[in-house]
Amino acid sequence: MNAHDSERIKGMLEELGLGEAPELEQADVMVFNTCTIREKAESRLAAHLGLAKTLKDADPERLLAVGGCFAEVRRERLFEQYPQVDFAFGPGSIAALGEWLAAERNGGASGSFGTGAERRFAAELPARRERPFQAWVQISMGCNSVCSYCIVPTVRGKQMSRSPGEILAEVGRLAGDGVREITLLGQNVNSYGRDLPVDERFGFAELLRACDRVEGIERIRFTSPHPKDFRDDVIAAMAECDSVCEHAHLPAQSGSSRILKTMRRTYDRERFLALAADMRAAIPDLALTTDLIAGFPGETDEDFEQTLSLVEEVGFDGAYTFVYSPRYSTEAASLPSQVPEEVKRERIERLIELVQSVAEKKNRSRIGSIEQVLVEGSSRTDPSLLRGRTRRNTTVNFAGAARAGELANVRVEDATSTTLRGAQVVPSPA
Ligand code: SAH
Ligand code: SF4
């Protein structure tokens with residue numbers, strides 16, 4: 001979501017005539033789009049703002065703006081903590097940055113927090129996309145869940161769905177511009193549409209089907225679905241729509257039903273397992289990835305073992321693993337039984353090791369198969385190879401002659417826990 005918002009920030013600044021500087025040192029306007037989901041994101045920001053201060057001290061004409069969820073949660077206190085900041089804005093008021101910059105050029109005031117009249121979809125702003133053939137498409141903002149560890153509802157507010165007409169118009173425009181792969185974005189894509197006016201009701205399954213009908217869009221992805229809202233109609237749409245990729249990022253968070261309960265995820269281990277099985281039965285070759293938290297308050301060794309066993313039982317193709325991080329004003333932050341740092345550390349290491357070994361096994365099972373790859377550019381480690389992603393969302397480095405944005409058929413020859421290696425087979429799809 002932040003990557004998407006950053007593309008909109010760039011697009012908006014370009015419209016104001018501000019191009020991207022190659023290095024921070026050369027920028028007249030420095031903009032940081034921040035995250036606050038875990039504490040680590042904040043300590044990284046502190047280092048960036050330290051550098052920005054040095055640059056500003058050397059040239060006080062430089063402007064420094066801080067946007068995103070950290071800015072939102074700190075609001076005016078941000079200026080006490082970082083007096084070098086000229087302007088701050090939250091994720092729902094990105095447009096305020098453009099307005100402030102325009103005013104600043106005419107001698108406007110520094111040290112203010114941007115508050116738009118109302119929350120606006122970042123998607124309404126122009127975008128500067130990283131690659132011409134891939135695009136994020138925001139379908140909703142905010143979240144109505146109350147996961148006890150999570151700060152997102154505080155900083156991004158209640159769920160608001162974009163109208164299906166606007167989403168489909170954007171997808172149509174993107175297809176016209178040459179985009180072949182879209183990723184539908186929301187904090188809980190499966191609850192998309194529930195807040196729309198009754199006469200405009202449109203569910204996520206219908207949205208997938210409607211996007212699938214857009215000529216030119218060959219791959220549809222989405223993130224993130226909440227397991228509690230993953231219904232049969234969405235599974236059926238995934239199975240039936242040719243463009244919807246065989247991959248779901250399904251955040252489990254924990255394998256222990258007891259912990260899932262205190263996390264307020266509203267599903268238990270059995271329900272998660274049943275969902276994974278239903279999805280796999282309906283969608284052959286489905287890749288499943290997940291998010292997992294280690295060291296949630298009250299997590300015992302036994303609970304943690306259940307997270308490990310979930311990884312094995314589901315056989316995740318990959319997982320983002322996080323050490324639990326207490327966040328401002330969340331319910332879990334004030335739970336009495338916080339897990340000591342060294343226990344969290346030890347657990348995350350075991351978890352990462354297991355995730356990698358399971359993922360490696362899954363990837364090795366692809367050796368010998370032919371995968372359709374959307375070429376993204378050259379390999380990061382070996383420029384003589386190309387890099388792209390399979391429909392199952394695995395990165396592949398391969399020998400071949402395709403151009404970025406093209407689809408290539410690649411025979412898989414080798415695999416690690418995160419990447420495949422192979423060679424293009426001809427003929428490939430157009
Ligand atoms: N809306 C998405 C998640 C967005 S946050 C969903 O529910 O699937 C991305 C991930 O960050 C979460 O899935 C969770 O695993 C992790 N996360 C959120 N809050 C966290 C915290 N306080 N400590 C550690 N990890 C956290
Ligand atoms: Fe956070 Fe839960 Fe909402 Fe995801 S569903 S954004 S984890 S509150």
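1. In this predicted model, strand S8 (residues 181-185) and strand S9 pair in the parallel sense over five bridges. Within that pairing, threonine 183 stands opposite arginine 221 in S9. Strand S9 spans residues 219-223 and is mostly covered, since four of its five residues are buried. Serine 224 belongs to the loop between S9 and helix H9 (232-240). The bond deserves a look in the display, because most peptide bonds are trans.

2. Threonine 266 has a phi near 65 degrees, a positive value in a residue other than glycine, and it is found in the loop between helix H10 (257-262) and helix H11 (269-282). With a relative accessible area of 53%, threonine 266 is exposed, because the threshold for that class is over 50%. Aspartate 285, in the loop between H11 and strand S11 (287-294), likewise is a residue other than glycine with a positive phi, here near 70 degrees. Its relative accessibility is 45%, so aspartate 285 counts as partly exposed. As background to both cases, most residues other than glycine have a negative phi.

3. Four strands form an open sheet in the order S1-S2-S3-S4, with parallel pairing. Its edge strands are strand S1 (29-34) and strand S4 (112-114), each of which pairs on one side only. From one strand to the next, the twist averages 20 degrees. The parallel pairing of S1 with strand S2 (residues 63-68) runs over six bridges, and asparagine 33 has glycine 67 in S2 as its bridge partner. Helix H1 (residues 2-15) packs on this sheet, where it touches S1 and strand S3 (87-89), and its direction makes about 160 degrees with that of S1. Helix H2 (residues 39-58) also packs on the sheet, touching S1 and S2, with its direction at about 170 degrees to that of S1.

4. The aromatic side chains form eight pairs in the model. One of them is the stacked pair of phenylalanine 87 and tryptophan 100, whose rings are 4.8 Å apart centre to centre with 10 degrees between the planes. Because phenylalanine 87 lies in strand S3 and tryptophan 100 in helix H5 (residues 95-105), the pair ties together parts that are 13 residues apart in sequence. Phenylalanine 87 is buried at a relative accessible area of 3%, and tryptophan 100 is buried at 6%. Together with Phe89, these residues, Phe87 and Trp100, form one aromatic cluster.

5. Another aromatic pair, that of tyrosine 267 and phenylalanine 272, is tilted, with 6.0 Å centre to centre and 40 degrees between the planes. Both tyrosine 267 and phenylalanine 272 are buried. A ring also takes part in a contact with a charge, for the charged end of arginine 38 sits over the ring of phenylalanine 322, at 3.7 Å from its centre.

6. Glutamine 134 lies in strand S5 (residues 134-138). The relative accessible area of glutamine 134 is 11%, so the residue is buried, the limit for that class being under 20%. Its side chain makes a polar contact with the side chain of arginine 131 at 2.8 Å. Leaving aside residues up to four places away in sequence, glutamine 134 touches Arg129, Val179, Glu181, Leu374, Glu376 and Arg389.

7. Antiparallel pairing is found for strand S13 (residues 370-378) and strand S16 (residues 407-415), which are joined by five bridges. In this pairing, isoleucine 370 stands opposite arginine 411 in S16. Strand S16 is also joined to strand S17 (residues 419-425), by six bridges and again in the antiparallel sense, with valine 412 opposite glycine 422 in S17. Strands S16 and S17 form a hairpin that has three residues between them.

8. A last point concerns arginine 173, which is found in helix H7 (residues 164-176). At 53% relative accessibility, arginine 173 counts as exposed. The C-alpha atoms of arginine 173 and valine 214 are separated by 9.9 Å, while the two residues are 41 residues apart along the chain.

Conventions: Residues numbered from 1 in each chain as written. Chains lettered and ligands numbered in written order. Predicted model: local features only at pLDDT ≥ 70, side-chain atom pairs only at ≥ 80, totals over all residues. Heavy atoms only, no water. Helix = DSSP H or I, 4+ residues; strand = E, 2+ residues; numbered from the N terminus. Buried < 20%, exposed > 50% of the residue type's maximum accessible area, 1.4 Å probe, protein only. Polar contact = N/O pair within 3.5 Å; in protein donor to acceptor, adjacent residues only side chain to side chain. Contact = heavy atoms within 4.5 Å. Pairing = 2+ DSSP bridges. Axes fitted to C-alpha atoms, helices over the stretch in contact; angles between N-to-C directions. Phe/Tyr/Trp six-rings, centres within 6.5 Å; stacked < 30°, edge-to-face > 60°. Lys NZ or Arg CZ within 6 Å of the ring centre and 35° of its normal.
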